[in-house]
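Please take me through this model in the viewer, one selection at a time. Tell me what to select and what is there.

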Amino acid sequence: MLASWYDAQGPAADVLHVGELPDPVPGPGEVRVRVTVSGVNPGDTKKRRGWLGSSMPFPRVIPHSDGAGVIDAVGAGVDVHRVGQRVWVYGAQSYRPFGTAAQYTVVPDHQAVPLPDHLSDELGASLGIPGITAHRTVFADGPVDGQLVLVHGVLGGVGSLAAQIAHWAGATVIATVRRTADLDHVDPAVAHAIALDTGEPAAAIRSYAPRGVDRIIEVALSDNADLDNAVAANNAVIAAYATRADRTEIPFWPLLFNNVTLRLLGSDDFPAEAKRQAARDLTSAAAVGALTVAVGDRHPLDDITEAHDRVDAGGGHGRILVTIPQ
């Protein structure tokens with residue numbers, strides 16, 4: 001099969017290769033997917049770079065955990081009727097060496113999720129890490145129907161899906177963007193948008209949530225801790241999946257007196273059933289048109305270095321995808 005891989009960590013241009021590797025064979029309980037589209041996440045490029053001192057988890061890595069395609073072979077114990085089924089894939093390179101940046105990938109049966117025929121491969125390849133992370137930030141502490149949910153960084157991959165899935169589940173969503181110029185990019189049917197460069201973002205948020213917000217979906221805890229404290233309701237939850245300072249300070253005593261829960265979320269290690277429920281809900285929401293994903297750049301597999309560089313540079317608005325030759 002044609003694939004991209006790296007045998008050592010470093011800059012994309014130095015370590016990523018594209019060439020032929022043996023076709024994988026599904027083992028018991030596994031399926032093989034012929035990949036059409038592979039999604040690139042910041043986590044994929046961080047693993048490749050050795051972020052936070054991480055080392056090579058395997059001697060050779062085919063990157064990317066997310067993708068979409070068609071099941072073409074199954075291992076022992078898997079329903080043979082799955083062959084020919086369109087699917088989206090998550091966790092392909094989570095504690096496994098070979099991800100979706102290849103013509104074939106092998107994953108456990110449940111990690112190949114049926115993709116309804118009217119949904120695109122591009123959408124399917126965009127649901128894995130960002131979608132499951134978004135789902136967990138919204139639902140880890142229970143239903144949100146009737147609650148006020150604040151989503152920071154709503155134009156990002158996780159933030160966009162978190163806002164949409166919370167709205168789908170019955171929450172009133174308030175969402176932030178960095179700049180006033182970005183407000184027009186937020187769908188007013190999904191969320192009330194607030195720009196953080198306004199003079200009083202806390203007052204703007206409180207105008208929609210006078211008693212405070214129940215859930216805060218946080219992409220930059222180090223930047224927003226004081227703002228979150230100012231708008232959190234009593235017993236609120238801050239669900240943080242990222243920060244910009246490794247040793248992040250928080251206003252401890254005000255948050256304590258407000259009985260705020262700080263939940264930290266690392267997507268590779270969510271409970272297995274939480275991932276399965278996320279996959280079910282994401283597919284259901286997408287099937288009825290409640291989830292859309294903005295696609296940014298599409299790169300062919302032989303241009304995967306450029307795709308990684310775009311993600312490392314911030315990616316801009318929209319999902320970065322790699323198309324796999326058939």
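**First stop: threonine 133**

Select threonine 133 and show its surroundings. Setting aside neighbours within four places in sequence, threonine 133 contacts Gly128, Val158, Tyr241, Ser267 and Phe270. The model is a predicted one. Threonine 133 sits in helix α4. Its relative accessible area is 6%, so threonine 133 is buried, the cut-off being under 20%.

**Second stop: helices α4 and α5**

Now select residues 129-139, helix α4, and residues 157-168, helix α5. Two packed helices are described by the angle and the distance between their axes. Here the axes of α4 and α5 come within 8 Å and cross at roughly 50 degrees. The two helices are therefore oblique to each other. The crossing of α4 and α5 is right-handed. Colour the contact next. On the α4 side it is made by Pro130, Gly131, Thr133, Ala134, His135, Thr137, Val138 and Phe139. On the α5 side, pick Gly157, Val158, Leu161, Ala162, Ile165 and Ala166.

How many salt bridges does a search of the whole structure find? It finds 15.

Start with aspartate 66 and arginine 319. They form a salt bridge, and their closest N and O atoms are 2.9 Å apart. Aspartate 66 is in strand β4 (residues 66-74) and arginine 319 in strand β15 (residues 319-323), so this pair ties together parts 253 residues apart in sequence. Are these two partners buried or exposed? Aspartate 66 counts as buried, at 0% relative accessibility. Arginine 319 also counts as buried, at 9%.

Move to aspartate 109 and arginine 82. Their side chains meet in a salt bridge of 2.5 Å, N to O. Aspartate 109 is in the loop between β6 (104-108) and β7 (112-114), while arginine 82 is in the loop between β4 and β5 (86-89), so the pair links parts 27 residues apart in sequence. Aspartate 109 is partly exposed, at 26% relative accessibility. Arginine 82 is buried, at 11%.

Next, select aspartate 297 and arginine 310. This salt bridge has its closest N and O atoms 2.5 Å apart. Aspartate 297 belongs to strand β14 (residues 295-300) and arginine 310 to helix α10 (residues 304-312), so the pair ties together parts 13 residues apart in sequence. Aspartate 297 is partly exposed, with a relative accessible area of 26%. Arginine 310 is partly exposed too, at 25%.

Then show Arg48, Arg49 and Asp312. Salt bridges with shared partners join these residues into one network.

**Last stop: positive phi**

Which backbone angle is positive at leucine 52? It is phi, at about 55 degrees, although leucine 52 is not a glycine. Find leucine 52 in the loop between α2 (42-49) and β4. Leucine 52 counts as exposed, at 59% relative accessibility, because exposed means over 50%.

Finish at asparagine 235. Its phi is positive, about 70 degrees, and asparagine 235 is not a glycine. Look for asparagine 235 in strand β12 (residues 232-240). Asparagine 235 is exposed, with a relative accessible area of 54%.

Conventions:
Residues are numbered from 1 along each chain as its sequence is written. This is a predicted model: local features need pLDDT of at least 70, side-chain atom pairs count only at pLDDT 80 or more; totals for chains, interfaces and linings use all residues. Side-chain values use heavy atoms; hydrogens and water are left out. Axes are lines fitted to C-alpha atoms, for helices over the stretch in contact, and angles run from 0 to 180 degrees between N-to-C directions. Helices (H or I, at least four residues) and strands (E, at least two) are DSSP runs, numbered from the N terminus. Angles under 35 degrees count as roughly parallel, over 145 as roughly antiparallel, 65 to 115 as roughly perpendicular and the rest as oblique. A crossing is left-handed if the near helix is turned anticlockwise from the far one by less than a right angle, and right-handed if clockwise. Contact means heavy atoms within 4.5 Å. Buried means under 20% relative accessible area, exposed over 50%, partly exposed in between (1.4 Å probe, protein chains only). A salt bridge is a side-chain nitrogen of Lys or Arg within 4 Å of a carboxyl oxygen of Asp or Glu.
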